[in-house]
Amino acid sequence: MTEKPAAEARTKAWLVARSGPSAGSRYLLPGGTARIGRNPANEIVVQGPQAAVVSLYHAEIFRDGAGYRIRDAGSTNGTFLDGERIGDAALRPQAVVQLGRDGPEFTFLVEETGPSELDRTVAIPKGALLPQARSTPEPEAGGHDALLSDAVMRARRARAEGFGNQTMTLMRDALRRALRRSHRRLRLVIGVLASALVLVSAFGSWKIAQLKREKTLIDKKIQEIEKLLENPETPDQADRLISQLSAYQNQAESLERNLLYRLTASERGAFVTHEIRAVMAEFGAEVYSVPPEFTERVNYHIQQYQGPDRPLMARALNQARGKVDIMRRILEEEKLPPDLAYVPLVESALSPGQASGAGAAGPWQFTPATAREYGLRVDGQVDERHDLQKSTRAGCRYLRKLILDFGAGSSVMLVLAAYNLGPTKVKQAVMKAVQDPIKQRNFWYLYRARLLPSETREYVPKVFAAIILSRNPERFGF
């Protein structure tokens, strides 16, 4: 077996929380890769008020030779090292790591453990040894201090007589003699503690297995209900099924919050499903179960972007990349989800001069009336709809108003639909279909019950497809 280099074996690294309710907490970094983020599967899980700006998988720290490096894991709000945003960088002792511009901060510490104290001769004050003793009978009194002094004296004598490298052997012998002299009661206490540890470990393993069994059964029930919801017989049946689904999702989320389950949790689901959940979490709209039909439509639009619409997506990801970065920065400044910068990609493919039959123009596809309502100049001389920064600021004002109208959480998806279809049409369709004001603002209820206009049901998965593909271009061949 290959041994670790001495420097690596004697080094321990830590992250120490500098802010938030966990300030002062120390997280030991493993020898491999330590992931940081909100997902319970991470080695370092971030929770609390500051977690809102932290991605599910935000960053990772890994050993690089005798040192460490930190790498951003494609987070939304970025990873900062000593105040500078980084993609991949070396970590130095006392460096400050921050997740997002206003997120939690950690100090990186390195501890050199040094060689074992038993690998070198211990300095004993002058006069502490018995100079006349040549034989080494076991000391009759003096306890463990006497045994240690006797062992040191024997080590020094061995060195003086030319027998080197005996320190560890002599110290192990002293330890065995000390253990033989330990009180029987101490050995009994150790035995009881060891037995208790075995029992606790056994109970923990049993409890974890039980939690996993319960969660497997709940997931199976959720899949069965989702299947029935694809073709409900009546609206009343759909409503009952959605209520049952909500109850099972609450049970599953409760199990996932259990500490024992989190210690053994792993990432769930296929890649696209996982990315849908990640985007919704950053919208503040995370849910346990995503309807299979929604995932299927996201996959369909990803395939369209890879096929017939590939030139539009390729241009947006290459020549127009700088425009997307500008829009993301403005959205962050306006305290809106930066991934909303991909809405114009669906609206206009960021093509110069793009205009619709209804007279909408610019990257955000504003009609003249809407553009003027949100502060843009549109007249015979100037059309600010084509000004990227000004139109994006106007887009932020429009999106903020829609969020105030429809609500946050899962209603952000209704906001996306209203941006494309118009808020009045979405409200009319929803209010006509369902009278419950709570359900009127719940996108997933409306989606599963097929109460949204068909254009709305198709537009939202298309936006998600653009976001997922733009966040993972290499995976999809761009």
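Analyst: Here are the labels one by one, each set against its cut-off.

User: What should I know about confidence before we start?

Analyst: This is a predicted model. The mean pLDDT of the protein chain is 77, and 74% of its residues reach 70 or more. Residues 115-136 stay under 50, although the model has 28 contacts there beyond four places in sequence. Residues 263-269 are also below 50, with 12 contacts beyond near neighbours in sequence. Where pLDDT is low, predicted coordinates should not be read in detail.

User: And the overall make-up?

Analyst: The protein chain has 18 helices and 11 strands. Of its 478 residues, 43% count as buried. Among contacts with a separation of 6 or more, 55% link residues 24 or more positions apart.

User: What makes T295 buried?

Analyst: The cut-off for buried is under 20% relative accessible area. T295 has 10%, so it is buried. T295 sits in helix α8 (residues 292-306). Leaving aside neighbours within four places in sequence, its contacts are V272, T273, I276 and V290.

User: Why are the buried residues of α8 said to be on the same side?

Analyst: The buried residues are F294, T295, R297, V298, H301, I302 and Y305. They cover an arc of only 160° around the axis, and that puts them on the same side of α8. As background, an α-helix has 3.6 residues a turn, so residues three or four places apart point the same way. The buried residues of α8 pack against α7 (271-282), α9 (310-317), α11 (343-348), α17 (443-448) and α18.

User: What makes α18 largely enclosed?

Analyst: The count of buried residues does: 13 of the 18 residues of α18 are buried, so the rest of the structure largely encloses this helix. Helix α18 covers residues 454-471 and reaches 27 Å from first C-alpha to last, close to the 26 Å expected.

User: Which residues touch the most other members of the largest nonpolar core?

Analyst: F283, F294 and F464 do, in a core of 79 residues. Apart from that one lies another core of 22 residues, including L29, I44, L99 and F108. In general, nonpolar side chains tend to be buried together in soluble globular proteins.

User: Why is K335 called exposed, while R450 is called partly exposed?

Analyst: Exposed needs over 50% relative accessible area, and partly exposed lies between that and the 20% limit for buried. K335 is at 68%, so it counts as exposed. R450 has 35%, so it falls in between. K335 is in the loop between α10 (321-333) and α11, and R450 is in the loop between α17 and α18.

User: What is noted about the phi angles of these two?

Analyst: Phi is near 60° for K335, a positive value in a residue other than glycine. For R450 phi is near 55°, again positive in a residue other than glycine.

How values were computed:
Residues are numbered from 1 along each chain as its sequence is written. This is a predicted model: local features need pLDDT of at least 70, side-chain atom pairs count only at pLDDT 80 or more; totals for chains, interfaces and linings use all residues. Side-chain values use heavy atoms; hydrogens and water are left out. Helices (H or I, at least four residues) and strands (E, at least two) are DSSP runs, numbered from the N terminus. The expected span of a helix is 1.5 Å times one less than its number of residues. Buried means under 20% relative accessible area, exposed over 50%, partly exposed in between (1.4 Å probe, protein chains only). pLDDT is the predictor's confidence in each residue, from 0 to 100. Contact means heavy atoms within 4.5 Å. A nonpolar core is a set of buried Ala, Val, Leu, Ile, Met, Phe, Trp, Tyr and Cys residues joined through side-chain atoms within 4.5 Å. The arc is that of the directions from the helix axis to the C-beta atoms.
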